[in-house]
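Reader: I have a model open and would like to learn how to read it. Can we go feature by feature?

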Amino acid sequence: MINEPMLDERLAVLENARPWRARVIAKLEGHIRSADDEALFRINPLTFAREKNLSEDEAIDLFLQATSCGLFRMDWLLLCPQCSCVVESLASLIGVHNGYRCQICHVEYEAVLDDFIAVTFTVSPELREIAFHHPERLSAHDRFFKIGGTRDGRLSDGVPF
């Protein structure tokens with residue numbers, strides 16, 4: 001279920017935030033309306049740009065503005081460079097430590113912003129509730145692989161994890 005009045009109100013704010021190329025807002029609205037729960041969880045704006053034929057800069061701007069309008073929530077993910085699992089999910093960079101430990105690989109890492117920290121966006125639960133807003137209700141498989149992992153994870157040779 002989508003909170004239609006909230007969606008209309010927040011999309012109007014987003015439309016007026018800056019001049020957008022034709023159809024950019026419509027592509028985002030279509031995604032919010034029709035994507036499955038997994039596609040609305042931890043969206044990578046660069047992947048979204050490729051899938052929706054947007055420039056990377058435009059997609060990044062879109063998600064940052066959409067977050068400030070309350071359409072999405074932004075997360076900073078500390079990723080393990082060996083297994084691509086999400087070691088920790090943070091609401092801001094304030095919580096990032098200099099070092100972290102992967103509980104799966106049992107290896108200590110130094111937090112390097114360019115390599116092991118990813119920024120993702122999840123639809124706001126007030127706008128559209130998805131299964132991932134309630135991890136306690138997910139199957140063990142989904143909790144481990146979908147919340148504990150990332151769709152965009154790559155091994156050191158570039159192969160998807």
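Reader: Which residues does Leu62 touch, not counting residues up to four places away in sequence?

Author: Some ground rules come before the answer. This is a predicted model, where local features need pLDDT of at least 70 and side-chain atom pairs count only at pLDDT 80 or more, while totals for chains, interfaces and linings use all residues. Residues are numbered from 1 along each chain as its sequence is written, and side-chain values use heavy atoms, with hydrogens and water left out.

Author: Contact means heavy atoms within 4.5 Å. By that test Leu62 touches Leu14, Trp20, Val24, Ile25, Leu28, Phe48 and Leu54.

Reader: Where is Leu62 found, and is Leu62 buried or exposed?

Author: Elements first. Helices (H or I, at least four residues) and strands (E, at least two) are DSSP runs, numbered from the N terminus. Leu62 is found in helix H4. For burial, the scale is relative accessible area: buried is under 20%, exposed over 50%, partly exposed in between (1.4 Å probe, protein chains only). Leu62 has 0% relative accessibility, so it counts as buried.

Reader: How many residues does the largest nonpolar core have?

Author: In soluble globular proteins, nonpolar side chains tend to be buried together. A nonpolar core here is a set of buried Ala, Val, Leu, Ile, Met, Phe, Trp, Tyr and Cys residues joined through side-chain atoms within 4.5 Å. The largest one has 30 residues. Leu14, Leu28, Leu62, Leu71 and Phe72 have the most contacts inside it. Helix H1 (4-17), H2, helix H3 (45-52), H4 and strand E5 (117-123) each give two or more residues to this core. Another core, of twelve residues, lies apart from it; among them are Cys80, Cys83, Cys85 and Ala111.

Reader: At what angle do the axes of H2 and H4 cross?

Author: Axes are lines fitted to C-alpha atoms, for helices over the stretch in contact, and angles run from 0 to 180 degrees between N-to-C directions. Helix H2 (residues 24-34) and helix H4 (residues 56-68) cross at roughly 60°, and their axes come within 11 Å.

Reader: Which residues meet there?

Author: From H2 come Val24, Ile25 and Leu28; from H4 come Glu58, Leu62, Phe63 and Ala66. Now sort them by class. Ala, Val, Leu, Ile, Met, Phe, Trp, Tyr, Cys and Pro count as nonpolar, Asp, Glu, Lys and Arg as charged, and the others, Gly among them, as polar. The contact of H2 with H4 has six nonpolar, no polar and one charged residues.

Reader: Is Glu58 buried or exposed?

Author: Glu58 counts as buried, because its relative accessibility is 7%. Leaving aside neighbours within four places in sequence, Glu58 is in contact with Arg18, Trp20, Arg21 and Val24.

Reader: How many disulfides does a search of the whole structure find?

Author: A disulfide is a covalent bond between the sulfur atoms of two cysteines. The test is a pair of cysteine sulfur atoms within 2.5 Å. The search of the whole structure finds zero. Take Cys105: the nearest cysteine sulfur, that of Cys80, is 3.7 Å away, and Cys105 is in no disulfide. Cys105 is partly exposed, at 23% relative accessibility. Cys85 is buried, at 8%.
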